[in-house]
Amino acid sequence: MAAALALAERGRGRTAPNPNVGCIIVNAGRIVGRGWTQPGGRPHAEAMALAAAGDAARGATCYVTLEPCAHASSRGPACADSLITAGIARLVAGLRDPDPRTDGLGAERLRGAGVEVAMGIAEAAARRSMAGFITRRTNGRPFVTLKLAQSLDGAVAMASGSSKWITGPEARAHAHLERARHEAILVGRGTWQADAPLLDVRLAGLGARSPRRILLSRSEGPDGWETVATPGDIAMLADTDHLLVEGGVQTAAAFLSADLVDRLLLYRAPILVGGGLTLPGIGLADLTAAHGRWRLHDSRMLGSDQLQVYERDDRQRDREPV
């Protein structure tokens, strides 16, 4: 399942509105097929893995990060039916599909055909891998990652609004990798006016994965950009399951105040700015409400900068937005 999850990450940010799924087919202890959801959502991961496995799929075990789809589509057969036809003997799935067209039906169909089915294997990791797909279907909006690059004294930009460059090259390269994992990237008008950001992916071999550019503004944006008037309007962005919010401070505060941030990327550079821009108010009434909102998922050094990744604690969702 760990290998299937690694494959699923190859499709993240490119498969919406379909989930980014990974699949491994194993027969007699040997991997005979592997696949991941392709750009645009087709072929599905199972279809790729079955095509690679061929006749070796008969009697094999299929490890897949999401329950195989059970609904008919003009773009291809249901994966549950394809697995049955191929003669798969056992299915191990990470997560039950929240899509009501499948939700449990894929597993039920496979069991009805005599396939042994195990569900919920590495479920937490599968849920994190497909957070965009799940958030879109449960909350009706993209999964939102907020990126903040800060100095030691908490500045996210100079007093003029310019933020080039707070962090070093290693941290910036990591931020470009994050861009490649999102369908869209958003900044506020102030950041666009101060920095004229390209918001593309400048990593070798990944230039084609530059996300669509979104401007948070009530007025028309520049050519090649889409606009949303308010943070809540991200729900209307087409084919967008993962949204990266890069700046600036007013935009960050607006998304935090609206309780629309699911993941935080905090890059901290060993510099002092003094008098720089810091995060404005986010509607916090008292410090008690701020605790327990976020949990640390990852921490690492990127050159001389420190990266900390926080995920919102789902147990806190019914608290007041902060």
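Reader: Which elements do the buried residues of helix 2 pack against?
Author: This is a predicted model, in which local features need pLDDT of at least 70 and side-chain atom pairs count only at pLDDT 80 or more, while totals for chains, interfaces and linings use all residues. Residues are numbered from 1 along each chain as its sequence is written, and side-chain values use heavy atoms, without hydrogens or water. Helices (DSSP runs of H or I, at least four residues) and strands (E, at least two) are numbered from the N terminus. With contact meaning heavy atoms within 4.5 Å, the buried residues of helix 2 pack against strand 1 (22–27), strand 2 (30–36), strand 3 (61–66) and helix 3 (79–86).

Reader: Which residues of helix 2 are buried?
Author: Helix 2 spans residues 45–53. Buried means under 20% relative accessible area and exposed over 50%, with a 1.4 Å probe. The buried residues are Ala45, Glu46, Ala49, Leu50 and Ala53.

Reader: Within what arc do the buried residues of helix 2 fall?
Author: The view to take is down the axis of helix 2, using the directions from the helix axis to the C-beta atoms. The buried residues line one face of helix 2, because they fall within an arc of 125°.

Reader: Which residue follows helix 2?
Author: Look for a residue with a positive phi, near 60°. The residue after helix 2 is glycine 54.

Reader: Is threonine 167 buried or exposed?
Author: Threonine 167 belongs to the loop between strand 6 (143–150) and helix 7. Leaving out residues up to four places away in sequence, threonine 167 touches Ala149, Arg172, Tyr267, Ala269 and Asp305. Its relative accessible area is 11%, so threonine 167 is buried.

Reader: How far apart are the centres of domain 1 and domain 2?
Author: The chain is divided into domain 1 (1–132) and domain 2 (141–316), with bounds from an automatic or database domain assignment. Taken over C-alpha atoms, their centres are separated by 32 Å.

Reader: Which residues lie nearest the centre of the largest pocket?
Author: A pocket is an open set of points on a 1 Å grid over the protein atoms alone, where a 1.4 Å probe fits, with protein on both sides within 12 Å along at least five of seven lines; lining residues have an atom within 4 Å of a point. The lining draws at least three residues from each of domain 1 and domain 2. Of its 30 lining residues, those nearest the centre are Arg128, Ser129, Ala131, Phe143 and Glu311.
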